[in-house]
Each structure stands twice: as structure tokens, then as C-alpha cells.
Amino acid sequence: MKKKPTPIPFHRASLGKAELAQAAEAIKSGWITMGPKTLEFETEFKAYLAKRGGLKPETLHAVSANSATAALHLALKAIGLKRGDEVIIPTTTFIATAEVVTYFGAVPVLCDVEEDTHNIDASRIERLVTRRTKAIIPVHFAGQPCDMDEIMAIARRRRLKVIEDAAHSLPSDYKCRPVGTIGDITCFSFYATKTLAAGEGGMLVTANEAYAKHARINRLHGISRDAWDRYTLKGSWRYEVVDNGYKYNTTDINSGLGLAQLRRLDAMNAARLRIAARYDRAFAGSAVVRPVVRPDRTTCAHLYVIKVAGRDELYDKLKADGIGTSVHFIPVHKHPYYRKAFGYRNADYPVANRVFERSLSLPIYPDMTDAQVRRVAEGVLAHAR
Ligand SMILES: *Cc1c(COP(=O)(O)O)cnc(C)c1O
């Protein structure tokens, strides 16, 4: 019997001694919920983005949360989204982008995407703007920033806010400006599969102090002061509830993981980019359509999404070879709840539909070995048509 090769999972977080030490430190400190490590993580996170963009750290505010979904919810509340308002989002995204809009009784207005980048098609945004439109949420698909100049120009012209869903794009740059320093508010994800993995977690980043303050208060029950103050010697039992907030804080255990990952982010990023370059070379001149990255921006290659005819067969064959792949994303307009609630029509999103039918995400993570990358590439080339 032929021996089966060891499976290659679609994803595996790169976690080692540094992460273990940081999480252990939080546990040993006896303070395991949001506390000093979370503060340290927020401070280092905004310093990282500021340094990358050549800005002073004081110009940015970073508010951590227990997920990017929570951060997006806090962002939309901070800009004052109301029932009946509309928010323009790409249909090619994870459902969280749409879901947070519905939390307000507001309407996610779906925009079709670009065939090559899978990003929101900025040239189609303005015709979707109505008197009720309050915001645009661009999603930087797979890590590549959207056309931010065009999107910011539309927002300025039509008095809209731009909340960036940056769940894929840490670290990515648009015209030398890091994602996180461009729109009104940017939300990052530290979910287990993202480029900075803290188990769960998110970060809201903004240059607007009022938004940051609003988000900080709403992150913890609408309490006017950060709770850890209450439990330290400098705090007291007194607090006031000034808003109807949420329970969206992260923990110092997660923030410890986040800190360790942040300090390794550039190295992990370089490793992912090396894998993307190897895939690019392997698929050159084949029937496999490779990801396109525009020359004025960079991607962190959170995902490596190819397009092929017969995607489902390829997925099955690779699975049989022990190679895990995935599909990003089933467009929002195809999900039953959203179809029913908002009456989206499949025919309105021809590009997203074509992209969806042919897309396949290949494994790409720092700890992949050269042999694993080669095996994936060879598997794809052997089966793709
Ligand atoms: C992962 C993801 C989110 C949600 O992130 P969580 O931290 O899991 O809430 C939002 N948008 C996109 C595009 C994502 O991929």
C-alpha cells in the first residue's frame, strides 16, 4: 500500500516560545482579563503603524476589542449609525462586515467587486449612494488595500465616513501609507487564522480622539473609566455609566499573545511574501490565474487566492492528496438570511459571482516548509484545468 503523505492543513498559526512566555506572564500576574498587558499591546500596536507610516504615535489611537466584529460594531456606533441608514460594503467579504450593519437596523448596500483584485469596485460606489448612506466599509481582500484615494474622495464629496475592514491587511500599504492610517476608523482582526493571531481579538485604530474615546467607553458597558483603574490602588469603586455599551473587552492572556505576535509580525510577513512569490513563479504560464497586486500598493498576503476552472474538483482532489484549501468568500448576497432580509438579486453582482465560482485559497503561513509549498504547487498544477 502506498504511504499517504502527511496532511498539509489550510492554516496553522505560528506560535512559539514568545507567545507562551507572554501568555504565562499574564497568568502568573494574577490579572487575566483586560489590564496592563492590553494597554501595552494597544500602545505598541499604534506605535507599529505610526512608525511604518512615518507618523508620530500620538496621532493615532488604538482601542482593543475581543474581535474585529466587535471593533466594527464599536466603529459604526461611534460614527452615529442609526436605524434605516445605509452602509456600502463589497459583497465579496466575510459575513461580519454585513452583520455589524444589521445590528443597528441599518441596511448593508452591496457593491460588486473587481475581477482581478476581488476588492470593492470603487467605480461602482457612487451610484449606490442615497440620502440615507452614512458610510462605506471597504474590505482589503486577502491583504491588498482597496482604491483608497477614490473611496476617500467619494466619501468627502458625499459626506460619508469610511470604516476600513482591515481583518486581512496587517501589515499592508497603500501608496506608502499603512492601512490603519487612511480612513476614519480601521478595524483589524486577531482571529486565529489572521496574520496576527491572538486566539480572538480585534483593534480599532483612528486618528479621531472622540471616536477613540467613544469606542473605549462602549467597549466596557458604557462605563466612563477603564475598569482596571477600579481595582488598583489608584482607583475607587465609583464609576458612571454614560452610554449603553457592550462587553467587548479582550483579555491580558490574548493581549500577551498579540504582543508576542506583533514583535514577530515583520518576520512572519516576510515569510508569507516568500511563499506567495514561490506560488507566483510556480503558476506562471499555467492555466492557474494568480492574485494580482497593483503596483502602488502592497499586500501582506493573508490569503493566496487562485482562480481555476473546475474549482470544486480541484478542492476535492487536493483534499484527497492531504492538502487543505478553502474558499473566500461566499458573497453576502448568496446567504439565505441576507437574501430574504434585503432582497439582494444574484444578477446584480456578476463579477463577484464569477470570482466566487473559480476561487480557491491555498495554504500560506509562516511555518510552511519549502517542501510543503512545493507539494501544494505541484498538486494544483497536476489537477488544475
Ligand atoms: C475574519 C474577518 C472578520 C471578523 O474578524 P473577527 O475578529 O473574527 O471578528 C471581519 N471581516 C473579514 C473580511 C474577515 O476576514
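Domain bounds, as I use them here, come from an automatic or database domain assignment. On that basis the protein chain is divided into domain 1, residues 17-263, and domain 2, residues 265-383. Their centres, taken over C-alpha atoms, are separated by 25 Å. The contact between them, meaning heavy atoms within 4.5 Å, takes 46 residues from domain 1 and 36 residues from domain 2.

Before I continue, a word on the basis of these values. This is a predicted model, in which local features need pLDDT of at least 70 and side-chain atom pairs count only at pLDDT 80 or more, whereas totals for chains, interfaces and linings use all residues. Residues are numbered from 1 along each chain as its sequence is written, and side-chain values use heavy atoms, with hydrogens and water left out.

Let me turn to the cysteines. How many disulfides does the structure hold? With a disulfide defined as a pair of cysteine sulfur atoms within 2.5 Å, the structure holds zero. Consider Cys146: the closest cysteine sulfur, in Cys111, is 10.0 Å from its own sulfur, which is too far for a bond. Cys176 is likewise in no disulfide, and the nearest cysteine sulfur, that of Cys300, is 16 Å away. For accessibility, I call a residue buried under 20% relative accessible area, exposed over 50%, and partly exposed in between, using a 1.4 Å probe and protein chains only. Cys146 is buried, at a relative accessible area of 0%, whereas Cys176 is exposed, at 70%.

Cys176 leads on to the backbone. Helices (H or I, at least four residues) and strands (E, at least two) are DSSP runs, numbered from the N terminus. Cys176 is found in the loop between β6 and β7, and it has a positive phi of about 70° although it is not a glycine. Lys175 lies in the loop between β6 and β7, the latter being residues 177-178. The phi of Lys175 is near 45°, again a positive value in a residue other than glycine, and Lys175 is partly exposed, with a relative accessible area of 39%. As background, most residues other than glycine have a negative phi, and most peptide bonds are trans.

Which residues are joined by cis peptide bonds? Pro171 lies in the loop between β5 (161-165) and β6 (173-174). Another joins His328 and Phe329, with omega about 0°. Phe329 has its place in the loop between α10 (311-320) and α11 (336-342).

Next, the strands. Strand β10, residues 304-307, is covered on both faces: Tyr304 and Ile306 on one side, and Val305 and Lys307 on the other, are all buried. Strands pair if DSSP finds at least two bridges between them; here four bridges join β10 to β11, residues 359-362, and the two run antiparallel. Within this pairing, Val305 stands opposite Ser361 in β11.

I come now to the aromatic residues. Rings of Phe, Tyr and Trp (its six-membered ring) pair if their centres lie within 6.5 Å; planes under 30 degrees apart count as stacked, over 60 as edge-to-face, and the rest as tilted. The structure holds 13 aromatic pairs. Among them, Tyr246 and Tyr248 are stacked, at 5.0 Å centre to centre and 25° between the planes, and both residues are buried. Why is the pair of Tyr337 and Tyr338 classed as edge-to-face? Their ring centres are 5.1 Å apart and their planes stand at 80°, so the pair meets that description. Tyr337 is exposed, at a relative accessible area of 53%, whereas Tyr338 is buried, at 7%.

A charge sits over a ring if NZ of Lys or CZ of Arg is within 6 Å of the ring centre and within 35 degrees of the ring normal. The charged end of Arg311 sits over the ring of Phe356, 5.3 Å from its centre.

Ile223 and Glu313 are 90 residues apart in sequence and, C-alpha to C-alpha, 53 Å apart in space.
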